[in-house]
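Have the sequence and the model open as you read.

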Amino acid sequence: MESMRIAFVSSSIPRRCGIATFTADVMAAVKAADPTVRCSVVAIDEPNSARAYGPEVKSRIRQREPESYRSAAALLNQSNVDVVNLQHEFGLYGVWRDGVYEDHLRPFLQELTKPLMVTLHSVPPSPSPSMRDAIRLISSRSDEVIVMAHTAARLLVSDYGITKVPIVIPHGMPAIEPTGRHRLKTKLGVEGRAIISTFGLVDPRKGLEFVIGAMPAIVERHPNALYLVVGQTHPELLKQQGEAYRNTLERLAEELGMSDHIGFVNEYLTQRDIVGYLLATDVYVTPYLDPNQITSGTLAYALGAGKAIVSTPYLHAIEALADDRGIIVPFRDAPAIADAVVRILGDAELKQRLERRAYAYGRETAWPAVGRRVLALTQHVLEPHRQHDPLVAV
């Protein structure tokens, strides 16, 4: 049998967003599972962007130009690609006008004749009729729909009326051995500190100000505590508002007298860098503000690194941190964050129990395992098409 060819439709590195990173990781995991697989990318560009991609990017889609999506599908139809793997986030495939979602993926789906797999990165509860229609069309036009949490699968049935059973493949993470905390603290110049951290692109939806607001109470009980905000400002926010949000956070830290206990690592991090900061961390916090967030790559990484985790109750966290795998606190509640962090730092047995349970959960979804599952599903999707195509040897 010839090598299988998969085209990923997604934002792509060097575009700095979670889905671009996710897609690169999925591609690497699939190729690790079967080195003969050939992966290419149809990259989604923001309006007016002129980005230099690597050789894996074979064509581009212009956001907010519906005909660009149709043209990409026509090119895929003419190519030697076997299966199309599309990474869906509403903002990448449409726009909202007066509260109504204008679906630019529709012409792509109408034009495409290749086998199609779609991963849904957002499945908001109680969708508007236009958003519900967009997801229903995806379901009807795709061979398989993938979600990253069982909660998302339930929502597709209850809130979207989808009858096709989705496949649940959790968000992957590096295969991490949770060791070397003290060595990495020394390497980062934070030896002797109790490290609390949050990593990822910085924007107001992350709720970082509530962890900063919790730091005086944490430091009162643990004077060696240091909160690290690790990551650059979200590039779209940077274009629109510059560093206004980050500056607000830095001013808040100063006003609270916490400048010696809060550090900002304003850098774009490689996966190796991220893992290093995670392994040096004592308590990982995701204070995110969107209760409907169904996927968090940062939470997945923290679980994979075996961290004691404190989180607000967004959908992914509720599912992933069940069964005593972390501590859930209310949204926008600095005192509750402080109480949870103080409890963990002051109770070695609790901290170790949370770490063990997080790691046991996380290691089941490391990238090698995810790559094998995506590969197997792709082969499953392709098989009926090969059986019915007289030009393809089976």
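## Strands, helices and rings

In β13, V283 is the bridge partner of I196. This is a predicted model, so keep that in mind throughout.

Reader: Is I195 buried or exposed?
Author: Leaving out neighbours within four places in sequence, I195 is in contact with K185, V190, L226, L228, A280, T281, D282 and V283. One of these, D282, is 87 residues away in sequence, yet its C-alpha is 5.2 Å from that of I195. The relative accessibility of I195 is 1%, and because the cut-off is under 20%, I195 counts as buried.

Reader: Which residues of β13 are buried on each side?
Author: In a regular strand the side chains alternate between the two faces of the sheet. Both faces of β13 are covered. The buried residues are V283 and V285 on one side, with Y284 and T286 on the other.

Reader: How does the chain get from β13 to β14, and what is the hand of that crossover?
Author: β13 and β14 pair in the parallel sense over four bridges, and V285 has V310 of β14 as its bridge partner. The chain goes from β13 through α11 to β14, and this β-α-β crossover is right-handed.

Reader: Why is α11 described as largely enclosed, and how many of its residues are buried?
Author: The buried ones are T298, L299, A300, Y301, A302, L303 and G304. Just after α11, G306 takes a positive phi of about 70°. The helix is largely enclosed by the rest of the structure because the buried count, out of eight residues, is seven.

Reader: What kind of aromatic pair do Y288 and Y314 form?
Author: The count of aromatic pairs comes to eight. In the Y288 and Y314 pair, the rings are 5.3 Å centre to centre with 25° between the planes, which makes the pair stacked. The partners come from distant parts of the chain, 26 residues apart: Y288 is in the loop between β13 and α11 (297-304), and Y314 is in the loop between β14 and α12 (315-320). Y288 and Y314 are both buried, and the pair is stacked.

Reader: Which residues are linked into a cluster by ring pairs?
Author: Here the link is made by ring pairs too. The members of the cluster are F90, W96 and Y101.

Reader: Which side chain does the side chain of S10 make a polar contact with?
Author: S10 lies in strand β1 (residues 5-10), and S10 is buried, with a relative accessible area of 0%. Not counting residues up to four places away in sequence, S10 touches I19, T23, V41, V42, A43, I44, Q87 and Y93. The polar contact, at 2.7 Å, is with the side chain of T23.

Reader: Which helix sits between β8 and β9 in a right-handed β-α-β unit?
Author: Strand β8 (residues 144-147) is covered on both faces, with E144 and I146 buried on one side and V145 and V147 on the other. Strand β7 (residues 116-120) runs parallel to β8 and is joined to it by three bridges, with M117 opposite E144; β7, helix α4 (residues 129-141) and β8 make a right-handed unit. Strand β9 (residues 167-168) also runs parallel to β8, over two bridges, and I167 in β9 is the bridge partner of I146. The helix in the β8 to β9 unit covers residues 150-158 and is α5.

Note on methods. Residues numbered from 1 in each chain as written. Predicted model: local features only at pLDDT ≥ 70, side-chain atom pairs only at ≥ 80, totals over all residues. Heavy atoms only, no water. Buried < 20%, exposed > 50% of the residue type's maximum accessible area, 1.4 Å probe, protein only. Contact = heavy atoms within 4.5 Å. Pairing = 2+ DSSP bridges. Phe/Tyr/Trp six-rings, centres within 6.5 Å; stacked < 30°, edge-to-face > 60°. Polar contact = N/O pair within 3.5 Å; in protein donor to acceptor, adjacent residues only side chain to side chain. Right-handed = clockwise from strand over helix to strand, strands pointing away.
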